[in-house]
Amino acid sequence: MEATRQIYWNVGHGVVIPMYILAGAAFGYLAWGFWQRLPIWRQGKPLDRWDRYDERVKRMLCEVFSQVKIFRVTDGGVFHALFFWSFLTLFVGTLLVMFQADFFTPLLQLNLLSGEFYKAFSLVLDIAGGLAIVMLAGLFIRRFVVQPRGLEIVRDDYIVLQLLFAILVTGFLIEGARMAATELQQNPELARFSPGGLLIGQLFTTMTPGTLLVTHKILWWVHFALVLGFFCAIPYTKLRHIFTTSVNAFLAPFEAKGYIATINMEDDTVEQFGAAAITDLTWKDIFDADACTSCKRCQDRCPAYATDKPLSPMKIVHQIGELAEGNPAGNLIETVSQDALWACTTCRACQDICPADIEHVNKILEMRRSLTLMDGAFPGDEVRTAINNIEVNGNPFGLAYASRADWAEGLDVKVMAQDADVDILYFAGCFASFDKRNQAVARNFITICNAAGIKVGILGKEEKCCGEPPRKLGNEYLYQMTANENIEVIKGYNVKKIVTTCPHCFNTLARDYQDLGFDVPVEHYSTYLKALLDGDRLKLTPEPFNFTYHDSCYIGRYMDIIDQPRAILAQAGGAIIEMAQNGYDSFCCSAGGGRIIAEEKLGSKISEARIKMATDTGAPLLVSNCPFCLTMFEDGIKTGGAEGQIRVRDLAEIVAERIEL
Amino acid sequence: MKLLVCIKQVPDMESRFKPDAAGVWFAETDLAFRMNEYDEYAVEQAVQLREKLGDGCELTVLSIGPDRVVEAIKKALAMGCDNAAHIQDPAASGKDPWQIASIIAAYAKDKGFDLIFTGMQSQDRGSAQVGVTVAELLGIASTSTIVGFDYDNGTITAKRELEGGIKGVVKMKTPALVTCQLGLNIPRYPTLPNIMKAKKKEIAAIPVADLLNADSLATTTSFHPPAKKGGGIVLEGDVADQVDKLIAILKDKTAVLR
Amino acid sequence: MKTLLIGEYREGKLLDSTYELFGFAGQLGAETALLLVGSETQLPAYGGTLYLADAAACGEYNPDLHKKLVLEAVQKENPDYIVFVHSSYGWDLAPRVAAALKIAQVSEVVALADGGFEVGCCNAKMRRTVKPASARAVVTIQAGAFPVLQPGGSPAVQKLTSDGGAALEFVGYEAAEKKDVDLAKAEVIVSAGRGVGKKDNIPVIAALAAALGGELGASRPVVDAEWVSHSHQVGTTGQTVSPKLYVACGISGAIQHLAGMKKSDFIIAINKDKDAPIGEIADVLVVADVMQFVPALTAKLAR
């Protein structure tokens, strides 16, 4: 017998027109549902996310269909991806049936859905359907039985799960009924290619033919109604993410990670700096709330949330959405709360893991800008003091700027004012210059460069804070002031290349400063040293040691430098025992986002939490490559009672000890 | 109502001070400058009062010195002063408190200020004279070292900080002058809109020669680091060593560890 | 050389700081006369001329009137120097006298110098020598800089009766906050200064105090930052102390603090700055990071 099936069997071709009309109405309702949301999004400021159209489309299609971001977290991720592909397959299958019935057959007299193709088609769809049901069951059990901490159950969850389940089950019931009437007995070889239908069909074998036909018809219309219901529900429930989350992959920024808009200080028509209300955010910020599926992966990874601070990146996204819809004139900052806003370390774990391409960090930064620039607010008096110190002496410690180069006394390095003919400018940064523990890193870096025959220069007292902590706390004015001063000095020396041992200086000089007209190449010492080693300019005598490695946020997630430091440490003789949260999954030391100059007053200490992760590996040594991390970990070891259990050292210290003589 | 606040730009106190060529004051190389800390309390209090009194109140900030003091003036403007007077004087640091007070009094005398705010002393010279002297030259009431301030319809109620944590409560009527002490208030951090507005505020530049009418009554003959007191033991080096040595000294020289 | 010394009287008591004026005059080798707005019932132990005005009638704080009284005494005595203690009373009154007489004022003198006076500047980090150009000058002396000297005897009292001067109304005194710590009686005090770093580090200093059997003290910035309560404050606006042992941790030595603890029998300063002013009065200066040295010391003491 022929391997095909009669489309519209039993329901008749008379359904076609009402079907298309109703479907059209449902699509119309769907479109109108989203149309109604346009004015909500439009409350935000303009933002151009339509450039480089082709690349955006490509990125969106890639992300959506590969589900690559969904897979980053396997718990729930595998279920969703498999469910997505299954449901997509079913959708494509339905489209094929539609084309066959209303296009190929009448217009081309072509029956694609026949023969081997149809067998494969039917098998694939049945597997997809079965897989979809199993995955859906898995998702249901996860949400309602396992109940992962922080995963809320809301009205939408009941609606969506029941609706999808009903659609899938009625699909199989219809197939079963049809096969019971037309295939089970008549074409058992073909029936084998629809295992699901074959199984379900057994339910109908005892029905009288008349009842069976009626049942099938009813099931068909029920299924159709459910599908229409599905379309109509999309804009009004979590199902909207099918569109909004996919579109967010289109709308995602192309700028380098960590890019923040540079405020134009010359524009004196601006009355509001930063975001105090919904209308101060961009339309994309408001749209992000619609793209959010409340998966809570951002919250799960937020170091502040993990240590009982009132910050949840997901909650902020929701609060923005709620205000935009319900109370646009409401006080955004009061709703989110200052404590939550100041708690962020800009570690980017939220944005990095978000499968919906939501941009959490810059919303927080814009609100901080309003707090700082419009209200003169600070998270604490110690921050006010540090900011004042940066204004007066170019460093947060308040130490005399004239002593900024004291650390280099006795070393083979000159200030640029004396000798600007150098291979690289070493931008030491405030901590390496003034903080005793970190001065060791600066000295070791110079030693390494000397050994490699690199001529290094420093700015000395002409160097000022790169401006990153003030910028991340919202003080764009102080940032631009100190940045422009640095830029002028550096340009004056015609510097060809800058290397720094601080990831924050690195990101700021390499990326942030570009908006201020600065384009001197900047490198972090981890990649610089790697290049020296690869080029044989530097040789190490390995000395074995066991260690665990901390990927600092501004090197790993921000700059994608994961392998080079590990390679260097391996060459130095190190045997690494990785922490569970390493690489892009690294857990912040707590000092980013300007918090290096703030006291941690709420919840428990983030640095202690990370030290615990380090001691859990059993390694006696923790290696990092950032002055903030080094400072926080020295603190965390002491206050967390891990002294004697683990030591923390910087990459430069390890390398300098092993220079081949 | 007219208010005046007098500020001085001083070097940051973390700096290392070295005598200048003449040996009578500090050399200005490698120094970071900032508004005198006590003057910040004065500016903040003046701005708070100005805000309370609203329209019809004008607050002027004055500073004497070379061009670099304009930065401190701008900060005061950004905190909320309405306009400024920069008494241009490249040699201000060579004038004594009497001359400084005379200059300020000469500026203020025909302007009808109801209230004048100053810091109680400067962090660099620290003679604590200028404020009260200005009041005496102008013949107005004054009180010093205030840590509490209230103004109501022409009457000032101020709290003076006395030794031992006691406060003295004082009332006076305008026109009057107060000198401000740490603890009076927390100076605000200028908001960006205010910083930008400040750029447009008027800074009247007045050459000091127009106002100077007094000779100095005292001169500084030497500026030098304090003589090192002999007999004090200095312990440096390794912490464990220092601990041992100190304990030995405590046992030897005091009865604390017996 | 003649000096007119201006004594201090507050809350019905003659202040001991008045006797430091005699210590100053003694170093100058000058004759003295004393002016006091005080009370007949509390005459100072001094055998010279005392210009006395009644505080009950004149008010303890009434600068215009007190100025007039001083000027009256100046007319009669013709002193070379009019000397005040650099206190909240002295630095308020001295410039008024100097302005009225159009003479120089030298503030907060710490020592005599070649033809002039030595005063502190730049947060006590440096010194200047100041010479008055006028024949007569007003001088204020730093509290604690000159020795307390009780000349002894009974004064020859000359009553002053200037009146007027009510540009200012003195309403009264406000008591200081209650103290739960009486540092004045402590034999050992270990104080925390800004160099301690942050509030979280205070327990480290308190631990050393406990190890030495003493009390915790603090410098003013630490109290202002609310790392400890005001009852621990040592200095001119806190408590003046004179324990057997004073350990200053991370305290630079601002004059207001020094004035409060100078008289301690034995002073140890722990500071990473070798040139910190406190090094001047310390018997031992430990050049180290407070947060590294203090725990090590406490640990060693425990053994």
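**Exercise 1. Determine which residues Y401(A) touches, leaving aside those up to four places away in sequence.**

Solution. Step 1: apply the contact criterion, heavy atoms within 4.5 Å. In this predicted model, Y401(A) touches N393(A), K461(A), D30(B), L31(B) and A32(B).
Step 1: locate the residue. Y401(A) is found in the loop between α19 and β1 (414–415) of chain A; helices (H or I, at least four residues) and strands (E, at least two) are DSSP runs, numbered from the N terminus.
Step 2: Y401(A) has a relative accessible area of 23% and is partly exposed, where buried means under 20%, exposed over 50% and partly exposed in between (1.4 Å probe, protein chains only).

Conventions. Residues are numbered from 1 along each chain as its sequence is written, and chains are lettered from A and ligands numbered from 1 in the order in which they are written. Because the model is predicted, local features need pLDDT of at least 70 and side-chain atom pairs count only at pLDDT 80 or more, while totals for chains, interfaces and linings use all residues; side-chain values use heavy atoms, without hydrogens and water.

**Exercise 2. Describe the interface of chain A and chain B.**

Solution. Step 1: count the residues. On chain A, 25 residues are in contact with 20 residues of chain B.
Step 1: state the area. About 1900 Å² is buried between the two chains, 57% of it on carbon and sulfur atoms; buried area is the accessible area (1.4 Å probe) that two parts lose on being put together, summed over both.
Step 2: list the charged pairs. The interface has three salt bridges, each a side-chain nitrogen of Lys or Arg within 4 Å of a carboxyl oxygen of Asp or Glu. D268(A) forms a salt bridge with K200(B), with the closest N and O atoms 3.2 Å apart.
Step 3: identify the contributing elements. On the side of chain A that touches chain B, α18 (361–375) and α19 (381–393) are the elements that give two or more residues. The most comes from α19(A), with six residues.

**Exercise 3. Explain what the aromatic pair of F24(C) and F117(C) ties together.**

Solution. Step 1: classify the pair. The ring centres are 6.1 Å apart and the planes 35 degrees, which is tilted; rings of Phe, Tyr and Trp (its six-membered ring) pair if their centres lie within 6.5 Å, with planes under 30 degrees apart stacked, over 60 edge-to-face and the rest tilted.
Step 1: place the residues. F24(C) belongs to helix α1 (residues 18–28) and F117(C) to strand β8 (residues 116–121) of chain C, so the pair joins parts 93 residues apart in sequence.
Step 2: examine burial. Both residues are buried. Nine of the eleven residues of α1(C) are buried, so this helix is largely enclosed by the rest of the structure.
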